[in-house]
Amino acid sequence: MKKLYISLIFLFLYAPIFTLIVLSFNASKTRAKWGGFTLKWYFSLFENEAILQALWNTLLLAALSALIATVIGLVACIAMQSMKKKTRALILGIANIPMLNAEIVTGISFMLLFISLGVTFGFGTILLAHITFNIPYVILSIQPRMKQLNTSTYEAALDLGANSLQAFFRIVFPDILPGILSGFLMAFTMSLDDFIITHFTKGPGVDTLSTKIYTEVRKGIKPEMYSLSTLIFAAVFILMLLVNYTPRKKEK
Amino acid sequence: MKKSLVLLLCGALTAGMLSGCGSDPAAGNNSGDKAKDEKVYVYNWGEYIEPETLKMFEEETGITVVYDEFETNEIMYPKVEAGASAYDVVCPSDYMIEKMIQNDLLQELDWDKIPNAKKNIGAQYFEQSEGFDPGNKYSVPYCWGTVGILYNKTMVDEPVTSWSILWDEKYADNILMQRSVRDILMIPLKLNGYSANTLNEEELEVAKQALIDQHPLVQAYVIDEVRDKMIGGEAALGVIYSGEAIYTQRENPDLEYVIPEEGSNVWIDSWVIPKNAPSKENAEKFIDFMCRPDIALMNFEYITYSTPNEAARELIEDEEIRNSEIAFPDLSQHPNMEVFNYLGEEGDELYNQIYKEIFSN
Amino acid sequence: MRDSRKLLSAPFLFWAAMFIIIPLCMVFYYGLTDKTGAFTLNNVLAIASPEHRKAFWEAIKLSVVSTVVCLLLAYPLAMILAGMKGNHDSFIILIFILPMWMNFLLRTLAWQTLLEKNGVINSVLAFLHLPALKIINTPTAIVLGMVYNFLPFMVLPIYNVLVKIDSNLISAAKDLGANGAQTFLRVTLPLSTAGVISGITMVFVPALTTFVISQLLGGSKILLIGNIIEQEFTQTNNWHLGSGLSIVLMLFIILNMVLSVVTDKDGEVNAL
């Protein structure tokens, strides 16, 4: 029963992914027609410098923005713990604003801000924007865990002579680590996926995969994009299996 | 202790920010040391050029092309207007060029620096351009085409000659319409014999009502998804740009393209140079290069949108395509073809209001 | 000691002022002025015109349905996952985030390929001599797209709080004679309110403002408020109206958040 339920959800989540994987082997250039099996899109992918450069930009952007957002978000969550309820609600409210706005409004308001500051558009401006919209996802992931924290263990540690930094890293940190991890991952993912905000904050010649794909929609997605997605999927999947199974083998 | 932690974090953050901002002097900075390495900043439609031609340009001139793409004229406009990232060459459509001229965003071209343009591009295209660029001061035609109906011969067995077939209940849930304000309103306007640039409220009211009546029959309002959907046989009739028609026919021979007898829109996308272009000289070199017959031919074969470059058309080997009625229709056979004009801010608002009302009934 | 801990919020507050508050002020400036720069409420009041009202209503309807469906699917799933033995934390998070690493637009286009008249699902159904599925370009397809894209945002926060619940509490409730349903309603559910509220926010908000899903899976037959705002910015260049409508959307969402904070408080009281 439980297994059936999980399998159905997985089917739902992964059906489009398998479609994309199948499309990456489609010899026909259009997604509407099956033209036979081919590997040619995988070869042409590695000759396509523009796509590879976009991939690099995307990953770098996602990693940097997620990392910085996680640090800012975590620190803000810690600070919030010692605040009064009202102040905490206010800060949470502010943090959520980027999520409340339609993306396009956030994108345009960033563009206006950067123009008025006279900043040159490029990688840096995209990074600033991504950090900003990533922070709420981090806070939303960490905050519920923080709320459940049992403060008495932390205080007990302090009473036993640990300084607050030690107490934090020994007691609090392990407890909220899953929240931090999921916040980081979510931020990373949001950054990978974003198009609209990136579009309005990017400069000429700096492309991410999303901006490349969106411009391609006009003339049809290049099959190389399907093969790239398949490779990314495979890479992450293998990584995931390694991370998950290596320590268990040791236990045995 | 705690204070130093705060300081440390702040420091790390600022360092991160600074390194982030500073990491792209080559990509973002136009005003810097451009004497050292020459660049040209090009802003074009997505997938609207053969990438090979950019490489050839770089090799021949030593000028690096910084290439950027947009999805619609309207997304491009604020970026050029704001001037936050200065481009040398942009490729907007007719009515948008008119708007940019009116708002003083473009600079006049020096035709002596672009000899290939006047030499290779057909005179009739410059004549057409007069409609939005009087005196041909600002724009060099790059691609052009018409809007028409693409239909699937296996699903439509009557001859398609009129826009009115899009109101035929036989084809309910089998019709694809364009999802853009100007293109969709053009159809009932033309069907009723009005101008596609009309600002007459009664005429627009008629057009609006027609589209409201049509709404239940339409399968979807799409832009470029129309290609894949027609190839896959999802719908019987679709409104499409002529440039897409050649490609879709190649993929699915059952498809046929017609320009309805009531007339339609003929459009031109042209190269222009914005006022704040960092290097007008490189821009003109780039435009001139794109007007070379061999280059124009490469681009035509890649994107399949009709080229106004007569010399390039002569070079097309496939006779069927060279004389294709779809790629190169004889416009004298289609008397009611119209170029879109910029309607002014109020006109834009009026059209947009009508467009929204189509969907609120 | 408490004061110095508050200092930790400094980087965030600086960031918020710079990149959240100032851009927000710009939206308000545009939304509350007309083209000449004079103050006006027209852009905000424009929400009352029939076409905007309808788009807003449609968006609320579809996003509420999607949020409810997400919650109904996600809660049991999160419970099952949380109940699984062993430390699977990172694995489970990853498996739900993994599909999102394929680009959002590509995934949604893939659904188009699956759902279309001649699409994958219908080919399979035809092969099995079953009637064809006709949901592409309908509101159902939009809801499906929303649920698909936003489900992980519901599962993860709920899972995060469920795994933290002390299993002793559950056993205690059972020892005291509560049956399964009672334990769930009195113990598990109240303790997971924070996660549920996070989840609802993270699903409802993007669903309410989306425009891509209604374009690709709904065939743009229905305009949602997100489509209208997008159109004002990218087609008509009427930033004032676009900003005005966004202000309305924002106020609406804030109102909902305030309501959820109030319920959250109740939840805490119950939990204690």
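Among contacts in chain C between residues at least 6 apart in sequence, 74% join residues at least 24 apart, a contact being a pair of residues whose C-beta atoms, placed from the backbone, lie within 7 Å. The model is predicted, so that local features need pLDDT of at least 70 and side-chain atom pairs count only at pLDDT 80 or more, whereas totals for chains, interfaces and linings use all residues. Residues are numbered from 1 along each chain as its sequence is written, and chains are lettered from A and ligands numbered from 1 in the order in which they are written.

The secondary structure of chain C consists of 14 helices and zero strands, where helices (H or I, at least four residues) and strands (E, at least two) are DSSP runs numbered from the N terminus. The C-alpha trace of chain C spans about 70 × 70 × 30 Å along its principal axes. Of its 272 residues, 52% count as buried; a residue is buried if 20 or more other C-beta atoms lie within 10 Å of its own, exposed if 12 or fewer, and partly exposed in between, with C-beta atoms placed from the backbone.

Chain A likewise has zero strands, with eleven helices. Its C-alpha trace extends over about 70 × 60 × 30 Å along the principal axes, and 52% of its 252 residues count as buried. For contacts in chain A between residues at least 6 apart in sequence, 77% join residues at least 24 apart.

The interface of these two chains involves 68 residues of chain C in contact with 73 residues of chain A. On the side of chain C that touches chain A, helix α2 (residues 10-31) of chain C gives the most, with eleven residues. By class, that side of chain C comprises 50 nonpolar, eleven polar and seven charged residues; Ala, Val, Leu, Ile, Met, Phe, Trp, Tyr, Cys and Pro count as nonpolar, Asp, Glu, Lys and Arg as charged, and the others, Gly among them, as polar.

Chain B is divided into domain 1 (37-139 + 272-329) and domain 2 (145-266 + 335-358), with bounds that come from an automatic or database domain assignment. The C-alpha centres of domain 1 and domain 2 of chain B lie 27 Å apart. Contacts link 15 residues of domain 1 of chain B to 13 residues of domain 2 of chain B. Helix α5 (residues 94-102) of chain B supplies five residues, the largest share of the side of domain 1 that touches domain 2. That side of domain 1 of chain B has seven nonpolar, five polar and three charged residues.

The largest nonpolar core has 260 residues, and those with the most contacts inside it are Val89(B), Ile287(B) and Val155(C). A nonpolar core is a set of buried Ala, Val, Leu, Ile, Met, Phe, Trp, Tyr and Cys residues joined through C-beta atoms within 7 Å. Both domain 1 and domain 2 of chain B give residues to this core, so it lies between them. Leaving aside neighbours within four places in sequence, Val155(C) is in contact with Ala74(C), Leu77(C), Ala78(C) and Phe96(C).

In chain B, the axes of helix α8 (residues 181-191) and helix α9 (residues 201-214) come within 9 Å and cross at roughly 105 degrees. Axes are lines fitted to C-alpha atoms, for helices over the stretch in contact, and angles run from 0 to 180 degrees between N-to-C directions. Helix α8(B) contributes Ile184(B), Leu185(B), Pro188(B) and Leu189(B) to the contact, and α9(B) contributes Glu203(B), Ala207(B), Ala210(B) and Leu211(B). By class, this contact has seven nonpolar, no polar and one charged residues.

Ile246(B) is found in helix α11 (residues 242-251) of chain B. Ile246(B) is partly exposed, with 19 other C-beta atoms within 10 Å. Not counting residues up to four places away in sequence, Ile246(B) touches Thr304(B), Ile326(B) and Ala327(B).

Most residues other than glycine have a negative phi. Glu47(B), although not a glycine, has a positive phi of about 55 degrees; Glu47(B) is placed in the loop between β1 (39-45) and α3 (51-61) of chain B and is partly exposed. Asn137(C) also has a positive phi, near 65 degrees, and its place is in the loop between α7 (120-127) and α8 (139-162) of chain C. Asn137(C) is buried, with 26 other C-beta atoms within 10 Å.
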